[in-house]
Amino acid sequence: MASTVLCTIVSAEEEIYSGQVEMVVATGTIGELGIYPGHTPLLTGVKPGPVRLRVEGGDEEIFFASGGYIEVQPGAVTILADTALRADDIDEAAAVAAQQKAEQEQGDQRSDIDFARVSADLQEQAAMLRTVRKLRERKG
Amino acid sequence: MPLNRPKPGSLESIMAGTKELRKQIGSIQNTQKITSAMEMVAASKMRKAQDRMSKGRPYSDRIRSVIGHVANASAEFQHSLMIEREVKRVGYIVVTTDKGLCGGLNINLLKAVVNDIKTFVEQNIEVDLCLIGNKGSQFFRSYGGNVVAAGSHVSESPAISDLIGSIKVMLDSFQDGNLDKIYLANNVFVNTMTQEPTIKQLVPLDPDEDVELKHRWDYIYEPEARQLIEGLITRFIEAQVYQAVVENGACEQAAKMIAMKSASDNAGEMIDELQLIMNNERQSAITQELSEIIGGAAAV
């Protein structure tokens, strides 16, 4: 069996990553997924969160995906993200500020706020921060 | 003939001729200035549009291949957008530009669409149209055709949200069973010189012709096939139409640039020709004047 799988991460705006990897770890709709080469075909949603790739040679790369879909074929993993970022590109300060704003809005009792949207925002920012922290831990 | 008109061949008439020529050259020069400015504007807009197009391409290509796999899988759940049925009425989403002055871009596309429509009409199949872009609306207003939705002002920096309305009309009537096939017609950007009118089938989804995947298989769906496939298909159609609009935008700017370049070149040629005629006339006027003076001197 092949020891690597072709992984492609695309967002609506651009292609973020494409290459052979040994393992993909992503956050699916019903939990974290670890995908090795030769995985059975799988289709699932993506929850906001980090996507870790172990590229050939053992190096790790971390990305952030905020919703979308994952298609797994035995020889290819395709992540169709709504938005995706390289973890290095995440602006931590901006993420913290956005999280605070979302929390504040959630606490706000006014009726003209779309709570579904706000809590989705909050989740996304929290996931973004998780990604940054994971990256830092590893570098640390 | 007015009395004060100079006799043909006389010095005054030649002077008047050169004056007129000079005026004409001036006006052509003004036009040339405009067309060359438009050429430069189109060139810079094209770069942006091309950028937008190439950034969107990976996503729309990938989602197309995923959808191809899904259509190929012997899925436990068959979405209504995946089922082929007998064709009685088809829909076209036609993407054209909002503005003209871009050569044969729109006409070529519309010709291809009209050809298709004719073959359907011959088979007694009715055709509904959804038009994105002013030029298409203008064309079908005079050509006739059952236009069910129209959108415009999207060619520069389109957003998916601007397009959803027109797409939804088509998809809803597909799901209600009014339409049995939907095609997407737009220009595809090959390179700056070539834009190709293409018509692709949007729904029902085309299974991918991948040989590896021919045996019976299905995905594991997490959490649920119906919800996943529905979301994915909606995303797919939006991405396809968005990509079509973006691509058409790049085509528009490229075609405009080429059209304006040839207009400027033609203006340059015309100016050269007129300049030559004017110089000839001026020279012959001088020659005539000289020979008259010489003739006069000889007579004295």
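Guide: Helices are DSSP runs of H or I with at least four residues, strands are runs of E with at least two, and both are numbered from the N terminus. With those terms, B:Gly144 is found in the loop between α3 (134–143) and β3 (146–151) of chain B. This is a predicted model, in which local features need pLDDT of at least 70 and side-chain atom pairs count only at pLDDT 80 or more, while totals for chains, interfaces and linings use all residues. Residues are numbered from 1 along each chain as its sequence is written, chains are lettered from A and ligands numbered from 1 in the order in which they are written, and side-chain values use heavy atoms, with hydrogens and water left out.

Visitor: Why is B:Gly144 called partly exposed?
Guide: Buried means under 20% relative accessible area, exposed means over 50%, and partly exposed is what lies in between (1.4 Å probe, protein chains only). B:Gly144 has a relative accessible area of 31%, so it is partly exposed.

Visitor: What makes B:Lys256 buried?
Guide: B:Lys256, which lies in helix α5 (residues 225–299) of chain B, has a relative accessible area of 11%, and therefore it counts as buried. Contact means heavy atoms within 4.5 Å, and, leaving aside neighbours within four places in sequence, B:Lys256 is in contact with B:Ala42, B:Lys99, B:Gly100, B:Leu101 and B:Cys102.

Visitor: Why is B:Leu101 called exposed?
Guide: The relative accessible area of B:Leu101 is 53%, so the word is exposed. B:Leu101 sits in the loop between β1 (89–95) and α2 (105–122) of chain B, and its phi is positive, about 55 degrees, although it is not a glycine.

Visitor: Which other residue has a positive phi without being a glycine?
Guide: B:Asn124 has a phi near 65 degrees, and its place is in the loop between α2 and β2 (126–132) of chain B. Its relative accessible area is 68%, so B:Asn124 is exposed.

Visitor: Turning to chain A, which elements does the chain hold, and in what order do they run?
Guide: Chain A comes to two helices and nine strands, and from the N terminus on they run β-β-β-β-β-β-β-β-β-α-α.

Visitor: How do you know that chain A is as compact as a globular protein of its length?
Guide: The radius of gyration, taken over C-alpha atoms, is set against the globule rule, which is 2.2 Å times the number of residues to the power 0.38. For chain A the radius is 16 Å, close to the 14 Å that the rule gives for 140 residues, so chain A is as compact as a globular protein of that length. Of those 140 residues, 47% count as buried.

Visitor: Why is A:Ile16 one of the buried residues?
Guide: A:Ile16 has a relative accessible area of 14%, so it is buried. A:Ile16 lies in strand β2 (residues 15–28) of chain A and, not counting residues up to four places away in sequence, touches A:Ile9, A:Val10, A:Ser11, A:Phe63, A:Ala84 and A:Arg86.
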